[in-house]
Amino acid sequence: MARSSIRVWIVEDSESQRAALLAPLRDVRDMLCTAAFSDCESMLARLDQTPASEEPDVVLMDIGLDPSGVGGHMSGIAGAAQLRRRLPDVAIVMLTQQDGANDVFAALESGACGYLKKSTGIEEVVNGIREAHRGGMCMSPPVARKVLQFFQKQPPVEQDYELTDREREILRLMERGGRQKQIADALFLSPHTIDSHLRKIYEKLHVNSAAEALARAIRRGEI
């Protein structure tokens, strides 16, 4: 495996949906799907036996694992929280049939940095994996709208930092669903420059991800 390959794990209880993700990911040049599981318990057990050099960079996690609880398995949200405790730097992208606000925020609170509908095309999933691996946020447009609507209803709070006009511009493009490369193209800047701006934004807002940065900026009336 090339050093630059993004190691991807999949946790999905539907065999057909696992196969639908695995097949196209095998053909993506900069990714390698090294494991796929039907439940979180199997994934966490495998993680216990995995050396650090082979740990996943991005995990695609089905949010609706055993939703009835009949099978005795933990939910995707619970699994994401446990995974985040064991691998603080892993990027977790939730896959879902639904886009209810409660599920969205529960997923984000569990440590997910992305939330994609299962109806999303494979190209968007691949782009989402890349974005998550770069430290960005990936959300299907309907989900992003729900997040935005929620935070727009929250009263702005007192600021203890000062964002530049360029940093606000980047956040506004993120709010509209722009990914890092798209933002770079729109502003005629390099992706490296956008990455530098994002790091400064995270530092100023005291956050660790694009999702948190966008949420905090909206709550504080920055954008």
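**Helix packing and local features of the predicted chain**

Of the 223 residues of the chain, 48% count as buried. The model is a predicted one, and its secondary structure comprises 10 helices and six strands. Among contacts in the chain with a separation of 6 or more, 65% are accounted for by residues 24 or more positions apart.

Helix H2 spans residues 40-48, and its buried residues are Cys-40, Met-43, Leu-44 and Leu-47. Viewed down the axis of H2, these buried residues fall within an arc of 95°, so they line one face of the helix. The elements against which the buried residues of H2 pack are strand S1 (6-11), S2, strand S3 (58-62) and helix H3 (76-86). The N-terminal end of H2 is capped by Asp-39, a side-chain oxygen of which lies 3.3 Å from the backbone nitrogen of Glu-41.

Asp-30 is located in the loop that runs between helix H1 (15-25) and strand S2 (31-37). Its relative accessible area is 18%, under the 20% cut-off, and Asp-30 is therefore classed as buried. A polar contact of 2.9 Å links the side chain of Asp-30 to the side chain of Arg-130.

Thr-120 lies between strand S5 (114-117) and helix H5 (122-133). The side chain of Thr-120 reaches the backbone oxygen of Lys-117 at 2.8 Å. When residues up to four places away in sequence are not counted, Thr-120 touches Val-125 and Ser-140.

Glu-109, by contrast, counts as exposed because its relative accessibility is 71%. This residue belongs to helix H4 (residues 101-109). The C-alpha atoms of Glu-109 and Ala-81 are 8.3 Å apart in space, while the two residues are 28 residues apart in sequence.

Two packed helices are described by the angle between their axes and the distance between the axes. The axes of helix H7 (residues 165-175) and helix H9 (residues 191-205) come within 10 Å and cross at roughly 100°. H7 is therefore roughly perpendicular to H9. On the H7 side, the contact is made by Arg-166, Glu-167, Ile-170, Leu-171 and Met-174, and on the H9 side by Ile-194, His-197, Leu-198, Lys-200, Ile-201 and Lys-204. By class, the residues in the contact of H7 with H9 divide into six nonpolar, one polar and four charged.

Helix H8 (residues 180-187) also packs against H9, at an angle of about 110° and with the axes 9 Å apart. H8 and H9 are therefore roughly perpendicular to each other. H8 contributes Gln-180, Ile-183, Ala-184 and Leu-187 to this contact, and H9 contributes Pro-191, Ile-194, Asp-195 and Leu-198. The contact of H8 with H9 has six nonpolar, one polar and one charged residues. Ile-194 and Leu-198 of H9 are named in the contact with H7 and also in the contact with H8.

The buried residues of H7 are Glu-167, Arg-168, Ile-170, Leu-171, Leu-173 and Met-174. Of these, Glu-167, Ile-170, Leu-171 and Met-174 also take part in the contact with H9. Just after H7, Gly-177 takes a positive phi of about 95°. Most residues other than glycine have a negative phi. Phe-188 is placed in the loop between H8 and H9, and its relative accessible area of 76% makes it exposed.

Ile-223 is found in the segment after helix H10 (210-219). With a relative accessible area of 27%, Ile-223 is partly exposed. Not counting residues up to four places away in sequence, Ile-223 touches Arg-168, Leu-171, Arg-172, Glu-175, Leu-214, Ala-217 and Ile-218. Arg-168 and Leu-171, which are among the residues touched by Ile-223, are also among the buried residues of H7. Ile-223 and Leu-173 are 50 residues apart in sequence, with a C-alpha to C-alpha distance of 9.9 Å.

Methods. Residues numbered from 1 in each chain as written. Predicted model: local features only at pLDDT ≥ 70, side-chain atom pairs only at ≥ 80, totals over all residues. Heavy atoms only, no water. Helix = DSSP H or I, 4+ residues; strand = E, 2+ residues; numbered from the N terminus. Buried < 20%, exposed > 50% of the residue type's maximum accessible area, 1.4 Å probe, protein only. Polar contact = N/O pair within 3.5 Å; in protein donor to acceptor, adjacent residues only side chain to side chain. Axes fitted to C-alpha atoms, helices over the stretch in contact; angles between N-to-C directions. Parallel < 35°, antiparallel > 145°, perpendicular 65-115°, else oblique. Contact = heavy atoms within 4.5 Å. Nonpolar A, V, L, I, M, F, W, Y, C, P; charged D, E, K, R; others polar. Arc of directions from axis to C-beta.
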